[in-house]
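Please open the model in a viewer and keep the selection panel at hand.

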There are 2 protein chains.
Amino acid sequence: MVKVLAVDTFGTVTDWHTGVSTVLAEQFPTVDASQLANDWRDTYAPALEQIESGARQWTLLDDLHRESLDALLRDSYDITATSTQLDTAVHAWHVIPGWPDAADGIRRLTSKFVVSALSNGNVALLAEMAKHNGFDWDFLGGADLWRHYKPSPEVYLGIARLMQVEPSDVLMVATHAWDLDAARACGLRTAYIERPREWGPVHKDETPNPLDDFRATGFDDLADQLGC
Amino acid sequence: MVKVLAVDTFGTVTDWHTGVSTVLAEQFPTVDASQLANDWRDTYAPALEQIESGARQWTLLDDLHRESLDALLRDSYDITATSTQLDTAVHAWHVIPGWPDAADGIRRLTSKFVVSALSNGNVALLAEMAKHNGFDWDFLGGADLWRHYKPSPEVYLGIARLMQVEPSDVLMVATHAWDLDAARACGLRTAYIERPREWGPVHKDETPNPLDDFRATGFDDLADQLGC
């Protein structure tokens, strides 16, 4: 029996491509902001891997975002960003707009489950994102609680331990196969949310995985399937 | 400028005396349940002090509660409790009723501030308490996040760090002078909530402390004073 929902944030409940590319277009009007947003997002996994491999000490996502955008603009776009431009762009990740079904769906799910964000964002970022979008989370599972980033097992096992349940009592909800695969390896159940527009105009592979316990078109659909 | 409210739970937003003594009366009908509830609560500070002094390893409040009730009943009431009786009594702390002003007041305060529980209860206990009472917390600051109990500085400084603010941006809200004194020593601001019936029929000293930034009769009054 599922007791706790652990829900990814970037892409799963929020439309980072739209939110981030809008701010990038304002700050860097000469570039293709949609492309820059995707290029920036591509630096994400390697940056986290540096931490989890032990090559680098624990660093907050905000700081990783800032460094990687600075380097990307310099190396690939021949732009030297000002400190204010970088701060503004980094802050865009705190106030990404939610997908239209997210806020209402989360609220419905809280009627039956403990519903926690489980994100590589930090707690303060998640608090701001929640206020901005009306996400009625029961808990904010930020990476700084464990000083580990998904897909590290510490995160998935950490939320089960904090909620005092077995891993199999937790349903990991995400639109990324790598996140669900890692959760499943820790004994959690998994729900895939389809977000075909996550990368804006760029095609996203959303091949169904039969190992997922649920597959939904949004949080309204997930709430229906879970009887909320 | 206050940005974050860190709010104590047992006594401050919930009426533990009523909640716990009601369950004790059901489980142990031969005893004075009001007295037993207060006796049990008196074991709380010494139990936490054992952890913070280093005399004992980190232990969840649920386990401390269970041990102390078991010993108290045996030593002072000549009762050997069953495992089920102990479990039921320990669980009473998860579903303590809120004071009448708490749920609405918390909701009003979230319109302007990040409002976090900051409790010696653990995260799972706080999640259950919040569901039970409709407490619309932005975050659940449970002691297991830091593996320290208030009044340890790690807890007060820990919530400021998680929220990425200065200690002076945090307003600690409690009905206990010891909690506010410790928060103030860490640089937090303080608000005292009057709860004259916290210990049921037993008189509670609520002498005003001029060092507190706010003093309120409840969360409705606090929300008024903070312009929410």
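**First stop: a pair within one helix**

Select A:Asp181 and A:Arg184 in helix α9 (residues 177-185) of chain A; because they are three residues apart in that helix, about one helical turn separates them. Helices (H or I, at least four residues) and strands (E, at least two) are DSSP runs, numbered from the N terminus. A:Asp181 and A:Arg184 form a salt bridge, with the closest N and O atoms 3.0 Å apart. The term salt bridge denotes a side-chain nitrogen of Lys or Arg within 4 Å of a carboxyl oxygen of Asp or Glu. Side chains of opposite charge can pair when their charged atoms come close. Over all chains, the rule gives a count of 30 salt bridges.

The model is a predicted one, in which local features need pLDDT of at least 70 and side-chain atom pairs count only at pLDDT 80 or more, while totals for chains, interfaces and linings use all residues. Residues are numbered from 1 along each chain as its sequence is written, chains are lettered from A and ligands numbered from 1 in the order in which they are written, and side-chain values use heavy atoms, with hydrogens and water left out.

**Second stop: the two domains of chain A**

Colour chain A by domain: domain 1 covers 4-15 + 97-226, and domain 2 covers 16-94. These bounds come from an automatic or database domain assignment. The C-alpha centres of domain 1 and domain 2 of chain A are 22 Å apart. Their contact (heavy atoms within 4.5 Å) takes 25 residues from domain 1 of chain A and 21 residues from domain 2 of chain A.

How much area do domain 1 and domain 2 of chain A bury between them? The value is about 2,000 Å², with 58% of it on carbon and sulfur atoms. Buried area is the accessible area (1.4 Å probe) that two parts lose on being put together, summed over both. Now select A:Phe10, A:Tyr149 and A:Trp199, which supply 36% of the area that domain 1 of chain A buries against domain 2 of chain A, more than any other three residues.

Next, display helix α7 (residues 123-133) of chain A, which gives the most to the side of domain 1 of chain A that touches domain 2 of chain A, with three residues.

Show both chains. A rotation of 180° with 0.0 Å of shift along its axis superposes chain A on chain B (RMSD 0.0 Å); the two copies are thus related as by a two-fold rotation axis. In chain A, the C-alpha nearest the axis belongs to A:Phe139, 2.9 Å from it. The superposition is by least squares on the C-alpha atoms of residues with pLDDT of at least 70 in both copies.

In this interface, 19 residues of chain A are in contact with 19 residues of chain B. About 1,500 Å² is buried between chain A and chain B, and carbon and sulfur atoms give 63% of it. Select A:Lys131, A:Phe139 and A:Leu162: in chain A these lose the most area to chain B, together 32% of what that side buries.

Two salt bridges are found across the interface of chain A and chain B. To see a salt bridge here, select B:Lys131 and A:Asp138, whose side chains meet at 2.7 Å, N to O. On the side of chain A that touches chain B, α7(A) gives the most, with four residues.

**Last stop: backbone geometry**

Which bond joins A:Lys150 and A:Pro151? It is a cis peptide bond, with omega about 10°. A:Pro151 is placed in the loop between β3 and α8 (153-162) of chain A. In chain B, a cis peptide bond joins B:Lys150 and B:Pro151, with omega about 10°.

Finally, select A:Asp78, in the loop between α4 (61-77) and α5 (83-92) of chain A. A:Asp78 has a positive phi of about 55° although it is not a glycine.
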